[in-house]
Amino acid sequence: MLGSYRAELLKLRKRSAVWVLFGAGLVLSLIFGYLLPYLGYATGDDNQQTDGVPRAEILRGMLPERVVDNTIGGYPIFAGALALVLGAIVIGGEYTWGTLKTVLTQRPQRLTILGAQCLALGTMIALWVLGIFAACALSSVGVAAAEDASMSWPTAGDLVQGLAGGWLVLMMWCLAGAVLAVAFRNVALPIGLGVVWILGIETLLAGVVSSLLPSLDWLANALPGTNAGSLVFSVTGMAAADAPPGVRDAVGGGRALLTLVGYCAVFAVLAAWTTRRRDVT
């Protein structure tokens with residue numbers, strides 16, 4: 001397992017798509033967390049998008065005390081979609097290129113390879129979270145220094161809790177992409193289905209349930225995106241009015257945590273069962 005894990009890490013490190021996806025997530029976090037809010041803060045009353053919002057409140061949202069909010073606020077939808085794509089291309093690429101058969105002839109068993117791939121993906125997701133956090137922290141310091149504002153930071157416990165929650169959200173979506181890739185044995189279809197689900201179908205389904213079928217709230221509250229947004233809402237403690245798309249207080253933080261762990265376990269078991277039982281060709 002250790003040798004396979006090292007091999008998978010080497011493949012991920014040398015794969016340009018991994019860093020392109022990370023760069024996309026990083027840029028989105030900085031644009032929506034700092035660039036656009038700072039432009040709104042700088043233009044003040046001339047910006048209709050910030051009409052009625054105190055400039056001090058806009059500035060506060062970019063300071064170090066809110067760095068966790070800006071780091072993981074986009075994870076339930078936008079960064080989650082990128083993590084799903086990562087899982088799909090890493091697992092599905094082995095089928096598309098026909099390299100899985102070659103790897104299996106080199107001695108490792110199927111579940112050993114799949115386990116190493118999942119561990120490598122978890123490691124890469126952790127690097128994504130830390131990298132985005134570092135960029136957001138530097139941006140927060142820059143804004144605070146430029147505006148001579150407070151440099152107070154969240155406590156170490158809050159930082160760890162927020163980053164760990166963000167990692168779990170991205171890992172859940174990454175494993176969703178992985179199990180779709182194993183099921184369809186390619187890359188394109190899992191990416192298409194997964195991204196459409198995250199960006200459209202789940203949001204539409206939750207909206208229909210809340211407005212037309214309130215008796216099915218239990219179903220909407222069991223969806224992965226709903227629990228991802230609820231966990232982010234819980235660990236950041238942000239106000240509902242300030243929450244980005246996909247982040248809302250639908251269920252409690254404890255329930256959201258258990259649900260996401262359950263989804264991760266289900267996705268991993270399904271991927272393992274399918275990989276073991278079905279022909280790889």
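**Note on helix packing, core and cysteines**

1. In this predicted model, the axes of helix H2 (residues 16-43) and helix H5 (residues 75-96) cross at roughly 175° and come within 10 Å of each other. Angles over 145 degrees count as roughly antiparallel, and H2 and H5 are therefore roughly antiparallel to each other.

2. On the H2 side, the contact is made by Ala-17, Val-18, Leu-21, Ala-24, Gly-25 and Leu-28; on the H5 side, by Phe-78, Leu-82, Val-85, Leu-86 and Ile-89. Of the residues in this contact between H2 and H5, ten are nonpolar, one is polar and none is charged.

3. The largest nonpolar core has 73 residues, and the members that touch the most others are Leu-86, Ile-91, Ile-125, Trp-128 and Trp-173. Among the elements that give two or more residues to this core are H2, H5, helix H7 (110-147) and helix H8 (156-184).

4. Which residues does Leu-86 touch, leaving aside those up to four places away in sequence? They are Val-18, Leu-21, Leu-121, Met-124, Ile-125, Trp-128 and Cys-174. Two of these, Val-18 and Leu-21, also belong to the H2 side of the contact with H5.

5. How many disulfides are there? The count is zero. A disulfide needs two cysteine sulfur atoms within 2.5 Å. For Cys-174, the closest cysteine sulfur is in Cys-118, at 7.9 Å, so the pair is too far apart for a bond. For Cys-264, the closest is in Cys-174, at 9.5 Å, which is also too far for a bond.

6. Are these cysteines buried or exposed? Cys-174 counts as buried because its relative accessibility is 0%. Cys-264, at 12% relative accessibility, counts as buried too.

Key. Residues numbered from 1 in each chain as written. Predicted model: local features only at pLDDT ≥ 70, side-chain atom pairs only at ≥ 80, totals over all residues. Heavy atoms only, no water. Axes fitted to C-alpha atoms, helices over the stretch in contact; angles between N-to-C directions. Helix = DSSP H or I, 4+ residues; strand = E, 2+ residues; numbered from the N terminus. Parallel < 35°, antiparallel > 145°, perpendicular 65-115°, else oblique. Contact = heavy atoms within 4.5 Å. Nonpolar A, V, L, I, M, F, W, Y, C, P; charged D, E, K, R; others polar. Buried < 20%, exposed > 50% of the residue type's maximum accessible area, 1.4 Å probe, protein only. Core = buried A, V, L, I, M, F, W, Y, C linked by side-chain atoms within 4.5 Å.
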